[in-house]
Amino acid sequence: MGAGPAGYTAAALASKAGMNVVLFEQDAIGGTCLNVGCIPTKTLLYSAKQYHNACHAGKYGVTATDVQFDFQKIQQRKTKIIRKLAAGIKSQVKDCTLVPFAANVTAYSENQITLEANGETYGAERLLICTGSQNFVPPIPGIENNPAVWNSTDALAAKELPASIAIVGGGVIGMEFATLYMELGIQVTVVEAMPDILPNIDSEVRTLLREKYQKQGVQFLCSTKVQAIEGNRIIYQTADNQPGELEADRILVAVGRRANLQGIDALPIEIERGAIKVNEFMQTNLQNVYAAGDVTGKILLAHVASRQAEVAVGRMLKQVPLQRIAYNAIPSVVYTNPEIAVVGLSEADLQGKDCVLPIECDIHRLPMTFSGRFVAENEGETGLCKVVVDRKNQTILGVQMIGNPCSEFVAAASFAVRMGYTLPEFRQVVFPHPTVSEILRETVIG
């Protein structure tokens with residue numbers, strides 16, 4: 001159920017292993033990530049970055065005059081890329097039966113699961129639920145049926161840019177859209193209920209990003225709760241109970257996502273915190289029912305969904321050795337400019353009032369400018385790389401970085417955390433020179 005990253009990955013693996021697979025998808029194949037999430041967002045961000053870089057090319061001794069962008073062509077390119085990637089996914093699941101309708105479970109037993117889609121009935125021995133997530137709509141008066149209010153899907157589909165935009169939510173989605181509009185010259189205001197943006201990111205890293213964006217004209221209203229939305233006006237209250245108002249051409253609400261549980265009411269399945277509860281093999285409390293992706297509520301990232309699908313299919317096929325997911329080594333990227341990339345435990349996880357694991361640790365930190373390649377390609381930027389190390393056994397517990405293009409080499413840090421590399425072991429890894437990735441080794445050799 002569902003043909004997003006979890007669904008199509010599982011379908012391709014299962015069909016290749018000889019299983020008969022029926023894949024249900026009521027919307028476009030590829031799910032949220034391909035159609036209204038990861039890929040279109042990054043496509044638009046890249047166009048915005050190209051425009052931004054052209055406008056500031058003078059830093060690199062390049063003169064560019066009369067720099068302009070065509071938003072219609074930017075959107076057309078986004079659509080072309082989605083179609084191209086969708087065709088690739090369809091080729092991966094060519095041996096599956098693709099049903100372009102939503103599926104509903106109508107009956108369940110330990111030997112047979114019955115589903116209905118568009119009036120047709122289907123029977124299966126096993127079921128994998130990959131119904132993903134949907135935009136969370138907070139209970140704010142005035143948000144529903146308001147033409148001035150967008151969610152992320154609305155913003156991606158917009159044919160014209162707003163004159164100004166207020167973004168409710170300073171998390172990953174909110175900050176990526178803030179980057180898009182800022183680099184295209186739109187006035188951006190971010191309203192965040194928490195004391196700072198990106199609350200799950202290392203405090204030093206997020207501070208560097210916020211301060212840079214403030215210099216570039218983005219306004220931040222942190223510790224600020226939205227009380228109501230009236231047309232294109234936000235009525236808010238600050239942490240010290242001071243009222244305020246903010247007006248913008250469009251209001252983008254980006255306060256997270258929640259599991260999509262439609263179609264499974266007939267299943268006696270265990271739900272925990274609004275998501276399907278699964279074990280380490282993605283198995284639910286029902287022996288022949290599995291779940292993968294956002295619907296499990298674990299880590300709402302496409303690469304996590306794909307890995308969960310691999311584990312689920314491996315368990316169905318009784319593959320040996322049994323696969324498990326190393327959630328402690330899942331990399332996460334915020335596609336701002338500069339990029340942020342993190343993996344594993346942070347300083348706050350191990351120290352201070354928000355500590356989750358009382359482990360004595362050492363923090364190795366180094367500006368990205370210790371990489372010659374970074375200096376050559378990021379004029380005026382400083383960046384930061386932090387490596388968290390267990391003081392007792394010297395294993396690498398986590399890495400946090402800000403600076404382009406850290407998303408392209410955070411996998412090396414993920415590998416170190418996953419394999420439990422010690423500092424002496426990691427210092428023996430040879431990185432190519434000159435690359436920005438060398439900063440990982442430079443940070444720990446001192």
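This is a predicted model: local features need pLDDT of at least 70, side-chain atom pairs count only at pLDDT 80 or more; totals for chains, interfaces and linings use all residues.
## His52 in helix H3

Let's start with the helix. His52 sits in H3, which covers residues 38–55. Its relative accessible area is 16%, and since buried means under 20%, His52 counts as buried.

## Strand E23, covered on both sides

Now over to E23, residues 384–390. This strand is mostly covered, with seven of its seven residues buried.

In a regular strand, side chains alternate between the two faces of the sheet. In E23, Leu384, Lys386, Val388 and Asp390 point one way, while Cys385, Val387 and Val389 point the other way.

E23 has strand E22 (residues 361–366) as one antiparallel partner, and six bridges join the two. If you want a spot to look at, take Asp362: its bridge partner in E23 is Val389.

E23 also pairs with E24, residues 396–402, again in the antiparallel sense and over six bridges. Here Cys385 stands opposite Met401 of E24.

## The turn

E23 and E24 make a hairpin, with five residues between the two strands. Check out Gln394 while you're there: this turn residue has a positive phi of about 65°.

Terms used:
Residues are numbered from 1 along each chain as its sequence is written. Side-chain values use heavy atoms; hydrogens and water are left out. Helices (H or I, at least four residues) and strands (E, at least two) are DSSP runs, numbered from the N terminus. Buried means under 20% relative accessible area, exposed over 50%, partly exposed in between (1.4 Å probe, protein chains only). Two strands pair if DSSP finds at least two bridges between them.
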